[in-house]
Amino acid sequence: MEYNFRAIEKKWQDYWFNHKTFKTENDQLKPTYYVMNMFPYPSAHGLHVGHIESYTATDIMSRFKRMQGFNVLHPMGWDAFGLPAEQYALQTGNDPKDFTYKNIQNFKRQILEAGIGIDWDREFATADSDYYKWTQWIFIQLFKHGLAERRDVEVNWCEGLGTVLANDEIEIKDGVMVSERGHYPVTKKAMKQWVLKITKYADRLLEDLDLLDWPEHIKEMQRNWIGKSVGAKITFKVVQSDISFDVFTTRPDTLYGATYCVLAPENPLVLEIATQDELSTVKAYIEQTKQKTDLDRGDLNKDKTGVFTGAYAINPINNQKVPIWIADYVLASYGTGAVMAVPAHDERDYAFALKHGLDIVKVIESDEEGCFTGDGVHINSGIINGLNNESAKEAIIAYLESLGLGQKEVTYRLRDWVFSRQRYWGEPFPVLFDEEGNVIALDESELPLELPKMLNIKPSGTGESPLANLYEWIHIQKDGKLYKRETNTMPQLAGSSWYYIGYVLKTLVGFIPLNTEEAKKELDKWLPVDIYIGGAEHAVGHLLYSRFWHKFLFDLGLVSSKEPFMKLLNQGMILGSDNQKMSKSRGNVVNPDEVIESYGADTLRLYEMFMGPLEADKPWNTEAIDGSKRFLDRVWRMYYLPIEDSVSELDYIYHQTVKKVTEDYDKQAFNTAISQMMIFVNEVYKQKRLSKEQAIGFLKLLNPIAPHITEELFQTVFNKKDIITYQEWPSYDEAKLVLNEIEVVVQVNGKLRDRVMVSPDEDGEVVKKLALKAENVVRFTEGKQIVKVIYVPGKLVNVVIKE
Ligand code: ANZ
């Protein structure tokens, strides 16, 4: 009678794996359901309880939808390229490939031991060459369509380490950048990089957010990241020179109040216009800026440093001479890298003008002391006096257009995607450079361009990738001509930008070629992904880049859906029992292997789903796991109660449970579904028996959450040859949802004292008698004189007593 989870779980995990129980079905008559997780990076630490939370949630949806009659695709793969494996290899002298694939085996073991039902025939890692062949192929298409090009881009260069660093490998110390490792100075340095022009898709990426059933805050983060800004471009001429520059402004209406201009220190014009007297100060300031991050520079509270260039420009609206400054709060990468400053109506300009003693001219009426940023009547503003902000903007733009000195302009905060990494452990670029430096894409037949094995992946020292050390690999001869390979590799987010397509195309004998009719047919059948579950930390990186690639593939006609992921859900963070983020240093990390060892996978799954709403952050609680285990013990013993043909006393609660669990699963409200199942089990214990329909139906309801115990009971108690995974989902009978008992409240002198359950058409006198016998009514009426008893049918009984 003992619930021996160890034996049961192992038995079913082996059975499912060997029988490919979760292989994707391909029944033409069934609708499809594609459910997936954000795949893990296979680190050396193994799975975290947070992974289990996410994979259990998709597994529930997958098992639930399969029983509801869908063809279900529930895959798993590995985000295998990337920096951590490379760093590990550098530190230990090991091969990042061996290391990564060893970690994958461990992750896979853990996922199997958690009972997650995966179609393993579709498993792949982004570092598999038959997968990255197609990552390279997509890159070639981007290149051929002018969406990939080489450009000078500022990178974080660390002379001390002889390498380029990613943003998360640098720290800010005393306001300047240093390497995390060794604390060497880091400066910005321009290097030729591959860039993908995601900005060409900015409008579509923005507009199509409306099609998606995603958490509103994630959509808002993407909107802000894309950062569409509508304004104007205005041309300022530099005095006594034929140089001019454009500023981008969202407030062209304040042009009469523009009392100086500011260029980004990196703006190449700066050195051309700076006067001899100011040149050395200007150069020193430019050098200083190179050690700062954009994030720091954009900080509104930061000290407004800057220097005068000695040059002046002409404000095109009133021909006033205004000084030109440089300051690091103006970013080279935004708008035109130059601003017109209106200190009376912009906070940053105001702070800057006060600090540096620049003119402040008020052009909008207000009672405000200092800076006023609101709407109002324009003053001191020539042709727009008396207008409000919106009409003034239009009037100014129209006027500037007529002079050829300005026009309406839309700017985005979104930057093109810097796509090169000076690293080894990534996809090689499928291109060659000829002797003149022209880029030639490899032919499809030459793909994949495999990442060569390297015994030592130390940095090249020149800022190039370790591949630069491989002279023979780099230099090749083709048709009698000499070519060189690209030594950079692609970023980790390349492989994850289309992996949901990879799962659809993966078969046991490799990938269906993406550019074929056969692939199109499969992709049309499965895409978009119905539900995608993962962490909120990917809100703008991966989730934006994969939308971009998807739209590009849509333009190529390879996919028919506009978006890759229809519904997105972010699981909350599982915190340590101290309510803090789990971390090694805090010593509050829970290892899922240990929980499974002591309690079993079913208990772990049930517990994690019962902790709270999927989206909420929630702390670990060891006592509550005991509670989950006890519930499964109770479920197990429940199947030793007499199982009869019909137990009508349980009809109502049973049908209510089927309805509630079905509806809750459909909205991923797993914790409330579990509560309802607990209520059901309590009711069964009150009756000490249950019917066959109820017994089997309940196993099906619980199966998605606790698949092993339910599979075992289904087979052993009912002698079934089939497995529960392929059974039909139970249905409920509306008629049985009408209660055959109603609740009548009982008052004593108008105060609520008790409740009684009666049949709706019960005789009034019987109800009154029952009411008077109710425990709490007896307590309040004992020894008192009962004056009268009133019954409002179906609602209440009021007992009037003499106090
Ligand atoms: C004059 C002005 C007057 C501005 C005023 C604002 C208020 P968003 O909304 O974020 O797009 N700006 C333009 N390019 C910049 C750059 N490269 N670095 C730093 N600041 C820049 O902000 C647009 C405003 O940010 C622009 O409008 C410009 O300042 C500034 F009462 O121009 B404004």
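Predicted model: local features only at pLDDT ≥ 70, side-chain atom pairs only at ≥ 80, totals over all residues.
Residues are numbered from 1 along each chain as its sequence is written. Local features need pLDDT of at least 70 and side-chain atom pairs count only at pLDDT 80 or more, while totals for chains, interfaces and linings use all residues; side-chain values use heavy atoms, without hydrogens and water.

The UniProt record (unreviewed entry) places "domain: Aminoacyl-tRNA synthetase class Ia" at residues 414–609; such annotations may be inferred rather than shown by experiment. This span is 29% helix and 18% strand, with its end C-alpha atoms 37 Å apart. Helices (H or I, at least four residues) and strands (E, at least two) are DSSP runs, numbered from the N terminus.

Helix α17 (residues 542–555) meets helix α5 (residues 129–144), their axes coming within 11 Å and crossing at roughly 70°. Axes are lines fitted to C-alpha atoms, for helices over the stretch in contact, and angles run from 0 to 180 degrees between N-to-C directions. α5 and α17 are therefore roughly perpendicular (65 to 115 degrees). Thr 135, Ile 138, Gln 141 and Leu 142 of α5 make the contact (heavy atoms within 4.5 Å) with Phe 548, Trp 549, Phe 552 and Leu 553 of α17.

What, then, of helix α7 (residues 216–226) and α17: at roughly what angle do their axes cross? The crossing is at roughly 75°, with the axes coming within 11 Å, and α7 and α17 are therefore roughly perpendicular too. Here Ile 218, Gln 222, Trp 225 and Ile 226 in α7 meet Leu 543, Leu 544 and Arg 547 in α17.

Definitions and conventions:
Parallel < 35°, antiparallel > 145°, perpendicular 65-115°, else oblique.
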